[in-house]
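The following exercises concern one protein model.

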There are 2 protein chains.
Amino acid sequence: MGKETTRATIIREGARLIHKKGFNATGLSDILTAARVPKGSFYFYFKNKQDFGLAVIDHYAEAIAAMSSISLGDNNRPPLQKLADFMDGFTAVFAKMDFTCGCPIGNLMQEMSDLNEAFRDKVGSVYARMAEAIAQCLSEAQDRGDIPVDLDPTQTAQFILNCWEGAIMHMKVVKNDAPLALCKRMVFDHILNK
Amino acid sequence: MGKETTRATIIREGARLIHKKGFNATGLSDILTAARVPKGSFYFYFKNKQDFGLAVIDHYAEAIAAMSSISLGDNNRPPLQKLADFMDGFTAVFAKMDFTCGCPIGNLMQEMSDLNEAFRDKVGSVYARMAEAIAQCLSEAQDRGDIPVDLDPTQTAQFILNCWEGAIMHMKVVKNDAPLALCKRMVFDHILNK
């Protein structure tokens with residue numbers, strides 16, 4: 001394997017473990033075993049576990065951006081349909097995972113915000129970009145007159161994303177899609193309805 | 001110190017550490033040091049770290065119930081004012097803690113749901129009781145005609161609690177009360193308004 005591939009394997013396997021168990025509960029030895037690389041190889045690519053964790057956040061951000069663009073980036077659909085597709089798309093992903101793991105960025109916001117400033121900065125930036133993508137969609141909806149004129153797209157998008165993350169957290173406990181369905185229904189029937 | 005006091009000290013100190021760092025990142029030695037007890041004493045009161053963790057969840061549940069009852073239990077106030085007081089009360093607590101730590105139950109739901117069934121069961125029950133307390137408040141509001149008749153109190157309470165937890169998660173990243181204030185405003189202006 002070339003350099004890029006080994007680094008990518010370590011990140012992919014580490015990302016999978018951290019998504020499931022959290023950053024602190026994932027040991028370096030777990031990552032090495034899953035990626036089938038020796039410790040020296042890990043330290044060739046990453047200064048330390050924090051450096052690795054920050055690369056994993058980039059990996060999550062790319063995966064979320066790619067997944068989000070399928071729905072939010074489909075400009076053949078009306079903006080509110082794009083938002084509904086966004087929620088349905090992630091609900092389908094979570095269903096495939098038996099409602100485990102949840103949002104990797106939400107998990108790290110919860111786990112790491114008070115423990116590591118570099119993590120807090122980075123997950124905060126990724127989360128802000130997620131909110132911006134939803135705000136853009138709401139702006140388009142407002143321009144078409146599909147949502148109330150008195151809703152601020154930026155603030156409303158932030159609220160919807162926070163609700164969605166809270167719903168994902170609850171989903172992890174109840175192990176079904178009811179919290180996600182409830183979030184979608186309340187947002188569309190009570191926040192975005194005219 | 002008597003038996004009850006030593007056990008209570010271990011739980012209180014452990015609860016404080018777990019609130020800040022999470023369950024997995026809190027080592028037994030950290031707990032022993034903070035509680036100033038020897039390892040043998042810990043194992044006199046708790047079978048293992050899981051057994052201890054479950055007792056810590058009970059401790060959190062009691063603290064949340066006590067804090068919630070100050071607002072939601074004050075029947076001299078109209079029901080919607082009780083809910084506003086509930087949000088303001090917790091916002092003040094979080095402000096005192098410089099917006100660190102967040103909701104101990106939300107944290108454990110996020111961290112432990114996929115790692116330990118006993119934890120998932122227990123935090124799920126505590127969370128359900130939190131939602132019931134809000135649902136009771138919304139039922140009272142509906143009986144007085146203060147919220148729309150078409151809102152289901154149980155579902156709406158669950159949505160509000162999930163939004164609130166998502167807002168707390170975001171608060172941990174931005175380190176201010178803006179997500180909590182946004183949640184309160186959106187809930188009162190767009191969900192509960194008539």
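**Exercise 1. Contact between the domains**

How many residues of domain 1 of chain A are in contact with domain 2 of chain A, and how many of domain 2 of chain A take part?

Solution. The model is a predicted one. The first step is to locate the domains: the assignment for chain A places domain 1 at 1–46 and domain 2 at 48–191. Between these two parts, 18 residues of domain 1 of chain A are in contact with 21 residues of domain 2 of chain A. The centres of the two domains of chain A, taken over C-alpha atoms, are separated by 26 Å.

**Exercise 2. The area between the domains**

Determine what area the two domains of chain A bury between them, and which three residues of domain 1 of chain A supply more of its part than any other three.

Solution. Domain 1 and domain 2 of chain A bury about 1500 Å² between them, with 71% of this area on carbon and sulfur atoms. On the side of domain 1 of chain A, 46% of the area buried against domain 2 is supplied by His19(A), Phe23(A) and Phe46(A), more than by any other three residues. The next step is to count the polar links. Between the two domains of chain A there are zero salt bridges, but eight residue pairs are in polar contact, both residues being at pLDDT 80 or more. Two elements, helix 1 and helix 3 (39–45) of chain A, each give two or more residues to the side of domain 1 that touches domain 2. Helix 1 of chain A accounts for the largest share of that side, nine residues. By class, the side of domain 1 of chain A that touches domain 2 holds ten nonpolar, five polar and three charged residues.

**Exercise 3. The fold of chain A**

State how many helices and strands chain A has, and what its C-alpha trace spans.

Solution. Chain A has nine helices and zero strands. Read from the N terminus, its elements therefore run α-α-α-α-α-α-α-α-α. Along the principal axes, the C-alpha trace of chain A spans about 60 × 30 × 30 Å.

**Exercise 4. The relation of the two chains**

**Exercise 5. The interface of the two chains**

Describe the interface of chain A and chain B by its contacts, its area and its elements.

Solution. In this interface, 42 residues of chain A are in contact with 42 residues of chain B. The two chains bury about 3700 Å² between them, 65% of it on carbon and sulfur atoms. Two salt bridges are counted between chain A and chain B. In a salt bridge between the chains, the side chain of Asp114(A) meets that of Lys175(B) at 2.5 Å, N to O. On chain A, at least two residues each come from helix 1 (3–21), helix 6 (104–112), helix 7 (117–143), helix 8 (153–174) and helix 9 (178–191). Helix 8 of chain A gives the most to the side that touches chain B, namely 14 residues. This side of chain A has 19 nonpolar, 14 polar and nine charged residues.

**Exercise 6. The surroundings of one residue**

In which helix does Gln142(B) lie, and which backbone oxygen does its side chain reach?

Solution. Gln142(B) lies in helix 7 (residues 117–143) of chain B. Its side chain reaches the backbone oxygen of Leu151(B) at 2.7 Å. Neighbours within four places in sequence left aside, Gln142(B) is in contact with Ile147(B), Pro148(B), Val149(B), Asp150(B), Leu151(B) and Pro153(B).

Notes:
Residues numbered from 1 in each chain as written. Chains lettered and ligands numbered in written order. Predicted model: local features only at pLDDT ≥ 70, side-chain atom pairs only at ≥ 80, totals over all residues. Heavy atoms only, no water. Contact = heavy atoms within 4.5 Å. Buried area = accessible area lost by both parts, 1.4 Å probe. Salt bridge = Lys/Arg side-chain N within 4 Å of Asp/Glu carboxyl O. Helix = DSSP H or I, 4+ residues; strand = E, 2+ residues; numbered from the N terminus. Nonpolar A, V, L, I, M, F, W, Y, C, P; charged D, E, K, R; others polar. Domains from an automatic or database assignment. Polar contact = N/O pair within 3.5 Å; in protein donor to acceptor, adjacent residues only side chain to side chain.
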